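Visitor: I am new to this structure and would like a guided look at it. Could you take me through it step by step?

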Amino acid sequence: MAKKKTGNSGPRYWLFKSEPDCYSIDDLKKDKKTFWDGVLNYQARNMLRDDIKPGDYVLYYHSNAKPMAVVGTAKVVKEGYPDHTQFDKNADHYDSKADPEEPRWFMVDVQFVQKFPEPVTRDDLKVDKVTSGMMVMQRGSRLSIQPVKENEWLAVHKLAGVKPK
């Protein structure tokens, strides 16, 4: 589990999954900042709503891609707030049961930090002593938002051949 944030304990680290044909690291690099919408899993929603805070860092993971890989990093710049797409009948993530008085789904804003020179693939993660134990590597782990330990964060950067920014 990610470090608990208390006082000046520093940032926490997360892995956010996105399909590159939906919203890629290149899209974030171009836009510089975006809201992270469309998370429709209660466990991930709770992390967005309660745990993820400005100043936390994100490993940007391309899922349903060839290869699936960590492709860069982002920084959280706005804490959890109601996902407006849940109320938009024309949006992909519309939820007819969502109530503006008691929203079901939340999102955060993230800002581009860096794109890795080469993706850190699942094969790369699998053979590293530290990253092989990451939640994203566990069989059946499908959460689109996952906590990352600080040593895992550092190990991914080492595999990418870059220093954390």
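Guide: Let us begin with leucine 28, which is buried, with a relative accessible area of 0%. Please keep in mind that this is a predicted model.

Visitor: Where is leucine 28 placed?

Guide: Leucine 28 belongs to helix H1, residues 25-31.

Visitor: And what does leucine 28 touch?

Guide: Leaving aside residues up to four places away in sequence, leucine 28 touches Tyr23, Lys33, Thr34, Tyr60, Ala74, Val110, Gln111 and Phe112.

Visitor: What follows H1? I see lysine 32 there. Which loop is it in?

Guide: Lysine 32 is in the loop between H1 and S2. Lysine 32 is not a glycine, although its phi is positive, about 75°. As background, most residues other than glycine have a negative phi.

Visitor: Is lysine 32 buried or exposed?

Guide: Lysine 32 is exposed, with a relative accessible area of 57%.

Visitor: Let us change topic. How many salt bridges are there?

Guide: The count comes to five salt bridges. One of them joins arginine 12 and aspartate 56, whose closest N and O atoms are 3.9 Å apart.

Visitor: Which residue forms a salt bridge with aspartate 31?

Guide: Lysine 30 does, with the closest N and O atoms 3.5 Å apart. Aspartate 31 is partly exposed, at 36% relative accessibility, whereas lysine 30 is exposed, at 60%.

Visitor: And what about arginine 104? Which side chain does it meet?

Guide: The side chain of arginine 104 meets that of aspartate 95 in a salt bridge, at 3.5 Å from N to O. Arginine 104 is partly exposed, with a relative accessible area of 22%. Aspartate 95 has 13% relative accessibility. Why does aspartate 95 count as buried? Because its 13% is under the 20% limit for buried residues.

Visitor: Next, the strands. How do S1 and S6 pair?

Guide: S1 and S6 pair in the antiparallel sense over four bridges. Tryptophan 14 has proline 147 in S6 as its bridge partner.

Visitor: Are the faces of S6 covered or open?

Guide: Both faces of S6 are covered. Ile145 and Pro147 are buried on one side, and Gln146 and Val148 are buried on the other. In general, side chains in a regular strand alternate between the two faces of the sheet.

Visitor: Which residues of helix H4 are buried?

Guide: In H4, residues 150-160, the buried residues are Glu152, Trp153, Ala155, Val156, His157 and Ala160. The elements that cover them include strand S1 (13-18), S3, S4, strand S5 (106-121), helix H3 (122-127) and strand S6 (145-148). After H4 comes glycine 161, with a positive phi near 75°.

Visitor: What is the volume of the largest pocket?

Guide: The volume of the largest pocket is about 850 Å³. Its lining has 28 residues, and those closest to the centre are Lys17, Ser18, Glu19, Ser63 and Ser144. S1 and strand S2 (33-36) are the elements that give two or more residues to the lining, and S2 has the largest share, three residues. The lining residues divide into 11 nonpolar, 11 polar and six charged.

Visitor: Where is serine 63 placed?

Guide: Serine 63 is in the loop between strand S3 (57-62) and strand S4 (69-82). Serine 63 counts as buried, at 12% relative accessibility. Not counting residues up to four places away in sequence, serine 63 touches Lys17, Ser18, Glu19, Pro20 and Met68.

Visitor: What else is in that loop?

Guide: Asparagine 64 lies in the loop between S3 and S4 and counts as exposed at 59% relative accessibility. Asparagine 64 has a positive phi of about 45° although it is not a glycine. Proline 67 also lies in the loop between S3 and S4.

Visitor: Is the peptide bond from lysine 66 to proline 67 cis or trans?

Guide: That bond is cis, with omega near -5°. Proline 67 counts as partly exposed, at 47% relative accessibility.

Notes. Residues numbered from 1 in each chain as written. Predicted model: local features only at pLDDT ≥ 70, side-chain atom pairs only at ≥ 80, totals over all residues. Heavy atoms only, no water. Buried < 20%, exposed > 50% of the residue type's maximum accessible area, 1.4 Å probe, protein only. Contact = heavy atoms within 4.5 Å. 1 Å grid on protein atoms, 1.4 Å probe; cavity = no way out; pocket = protein on both sides within 12 Å on 5 of 7 lines; lining within 4 Å. Points joined across faces, edges and corners; volume = space filled by probe spheres on them. Nonpolar A, V, L, I, M, F, W, Y, C, P; charged D, E, K, R; others polar. Pairing = 2+ DSSP bridges. Salt bridge = Lys/Arg side-chain N within 4 Å of Asp/Glu carboxyl O.
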